[in-house]
Amino acid sequence: MLLDIVLHPDERLRTRCTPVTEMTDRLDTLFTHMFETMYDAEGVGLASTQVGESLRFCVVDVSEDRSQPLVLINPEIVAAKNSISWKEGCLSIPEVYAEIVRPKNILVRALDRDFKPIEFEADELLSVCIQHEIDHLDGKLFIDYLSALKRRRLMDKYQKQQREEQA
Ligand code: ZN
């Protein structure tokens, strides 16, 4: 089932999510729908706030053939080093892209779909993607990293394009 993706500037994207305390059938079904929605939209990650939820979880798959689905519940970055610049986009801000600098190598702790603790290292796109998704769980968007001037320029274009789509 395809879910509606919440679009910027919807205030729900600014929700600071609360931790998941137990795994439920509802969540498991939601993860399945989130993967379907993310693959359909050709994204590499989708966070709870983007589908109108307010608990801390996201789904990620950065593989070319969409074969490495990853559910991250209550994800945390416990170590970070080096830096990388990546041209990021977001399913909640369609057709807007910008270079963002973030740590390149991260150590991630989370619970998996079975609610079991996992810990792993990530770099390059996986690292960028997980950091982008964790930001969503804190109500933060990638455009928040840009200078006010750059953000305004991109948002003017975005709003114009949104109006044209609705017209
Ligand atoms: Zn995003």
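This is a predicted model: local features need pLDDT of at least 70, side-chain atom pairs count only at pLDDT 80 or more; totals for chains, interfaces and linings use all residues.

Visitor: How do you know that the length of helix H1 fits its number of residues?

Guide: Helix H1 covers residues 25-40, and its 16 residues should span 22 Å at 1.5 Å a residue. The end C-alpha atoms are 23 Å apart, which agrees with that value.

Visitor: What do the buried residues of H1 pack against?

Guide: They pack against S1, S2 and S3. Among the buried residues of H1 are Leu27, Leu30, Phe31 and Met34. Just after H1, Glu42 takes a positive phi of about 60 degrees.

Visitor: And how does the span of helix H2 stand against the expected one?

Guide: H2, residues 124-137, has 14 residues and reaches 21 Å from its first C-alpha to its last. The expected value is 20 Å, and the span is close to it. Just after H2, Gly139 has a positive phi of about 75 degrees.

Visitor: What makes H2 a mostly covered helix?

Guide: A residue counts as buried under 20% relative accessible area. In H2, 11 of the 14 residues are buried. They include Ser127, Val128, Cys129 and the run on to Leu137. The cover over these buried residues includes strands S1 (45-47), S2 (57-60), S3 (70-88), S4 (98-111) and S5 (117-122).

Visitor: Why is Leu125 called partly exposed?

Guide: Leu125 lies in helix H2. Its relative accessible area is 24%. Buried requires under 20% and exposed over 50%, so at 24% Leu125 is partly exposed. Leaving aside residues up to four places away in sequence, Leu125 touches Val62 and Trp86. Leu125 and Ser92 are 33 residues apart in sequence, and their C-alpha atoms are 18 Å apart in space.

Visitor: How do you know which residues are protein donors of the zinc ion?

Guide: A donor is an N, O or S atom within 2.8 Å of this metal. Cys90 (SG), His132 (NE2) and His136 (NE2) lie 2.0 to 2.3 Å from the zinc ion, so these atoms meet the cut-off. The spacing of the donor residues in sequence is C-x41-H-x3-H.

Visitor: What makes Cys90 and His136 a pair that ties parts of the chain together?

Guide: Cys90 lies in the loop between S3 and S4, whereas His136 lies in helix H2, so the pair ties together parts that are 46 residues apart in sequence. Both Cys90 and His136 are buried.

Visitor: Why are S3 and S4 said to pair?

Guide: Pairing requires at least two bridges between two strands. S3 and S4 have 12 bridges, so they pair, in the antiparallel sense. Trp86 stands opposite Ile100 in S4.

Visitor: Where does the largest share of the lining of the largest pocket come from?

Guide: That share comes from H2, with six residues. The largest pocket has a volume of about 400 Å³. It is lined by 23 residues, of which Val44, Glu88, Gly89, Cys90 and Tyr97 are the closest to its centre. S3 and H2 are the elements that give two or more residues to the lining. Cys90, one of the residues closest to the pocket centre, is also a protein donor of the zinc ion.

Conventions. Residues are numbered from 1 along each chain as its sequence is written. Side-chain values use heavy atoms; hydrogens and water are left out. Helices (H or I, at least four residues) and strands (E, at least two) are DSSP runs, numbered from the N terminus. The expected span of a helix is 1.5 Å times one less than its number of residues. Buried means under 20% relative accessible area, exposed over 50%, partly exposed in between (1.4 Å probe, protein chains only). Contact means heavy atoms within 4.5 Å. Donors are N, O and S atoms within 2.8 Å of the metal (3.2 Å for Na, K and Ca); water is not among the atoms, so sites may look incomplete. On a 1 Å grid over the protein atoms alone, a cavity is a set of points where a 1.4 Å probe fits but cannot get out, and a pocket is an open set with protein on both sides within 12 Å along at least five of seven lines; lining residues have an atom within 4 Å of a point. Grid points are joined across faces, edges and corners, and a volume is the space filled by probe spheres set on the points.
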